[in-house]
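Dear colleague,

Please read them alongside the coordinates.

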Amino acid sequence: VLIVQYTPLSSTRMPRNSRRQWKSGKSGSVMLADTLYASIEAENKQRKMRAWYCSQLAACPKTQYLSRLGVERISKPKGKMLLRWDAGNHMETAIRPHVHKLFPGAVSNVKFFNKTLDLSGEVDNYHPGSKTLIEVKSVGVHAIAYRRVDDEQYFLKMENPEYDPELKNPRWTRRENPYPHHELQQHAYVRMMAHPDTEVKLDGKYQSMEPWEVEKIVYLYMDLDGTLLTYETEVKQHLLDEVDNRLDELNIAWRTKHAPECICNNHSHEYFGGVMRYCPYRDLYGCCEEDLTRKEEHDSTVQHIKSK
């Protein structure tokens, strides 16, 4: 005899909150993750620029100009990216004591400001004895590849310009130098630290200093899996010249209140992949527009259409 137990439909209905989540296509865990991301994004405030930053010097000049004007960003980093950056910062902090063991007497997180250059920056590590800058950079897990080439097993990878799927040659090849925008940043430090008008922040106050000479730069890259690799370079004169040229362009623009040209859409530019493609002033109408009211008008039009 087959006995079938009847259960009233009302007793099997999902709770109201669960039904709402089901209709939205999101589980409770997904909604919690979204809430956490929103909390992270809410704390990411746009900081006020009182000078040009060494760390941003590779960005499009017009992007830097608009940032210093205080123009609100159109596109902002998502919570996932902010969390990854924060994790990278913690890893950089974790390795610093070991950098000090290898470079006894090194100083870290030193802030500088130069009124003549209108430039500021914070150096990761500097070793006076060997006149060496030691820059620690965290990268994503896909930025580093492994291949036994002589003694180099791990390397920063870049797309092989000779890659051909039919030839089945490697798609990725070894990056022979640090990322270009990182090199420009370090040479901005070199230029500022050697300038006679530069001030250093000690005990909470900026004060005059003797120039700090740099002869060598060490780039220490690590991914979030803990893989480490290093590059070591001499100071490059052509990059010091580029720092000077960029600062001249920015300072003339700031003094005359005439924005420099936007170069964000130059896909062949050496700083495009690492910096300029992430311009925070890109919208449907272009990039680095000084008058952003068109976006506001566009948003108002879309909202009006949705309300119909």
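Glu213 counts as partly exposed, because its relative accessibility is 43%, where buried means under 20% relative accessible area, exposed over 50% and partly exposed in between (1.4 Å probe, protein chains only). This is a predicted model, in which local features need pLDDT of at least 70 and side-chain atom pairs count only at pLDDT 80 or more, while totals for chains, interfaces and linings use all residues. Residues are numbered from 1 along each chain as its sequence is written, and side-chain values use heavy atoms, with hydrogens and water left out.

Glu213 forms a salt bridge with Lys131, with 3.1 Å between the closest N and O atoms; the term requires a side-chain nitrogen of Lys or Arg within 4 Å of a carboxyl oxygen of Asp or Glu. Lys131, at 27% relative accessibility, is likewise partly exposed, and salt bridges that share partners join Lys131, Glu213 and Glu215 into one network. The whole structure holds 10 salt bridges, among them the one between Glu135 and Lys137, whose closest N and O atoms are 3.0 Å apart, and both of these residues are buried.

As for confidence, the protein averages a pLDDT of 84, and 82% of the residues score at least 70, pLDDT being the predictor's confidence in each residue, from 0 to 100. Over residues 293–308 the pLDDT is below 50, and it also stays under 50 over residues 1–12. Where pLDDT is low, the predicted coordinates should not be read in detail.

Best regards

Note on methods:
Contact means heavy atoms within 4.5 Å.
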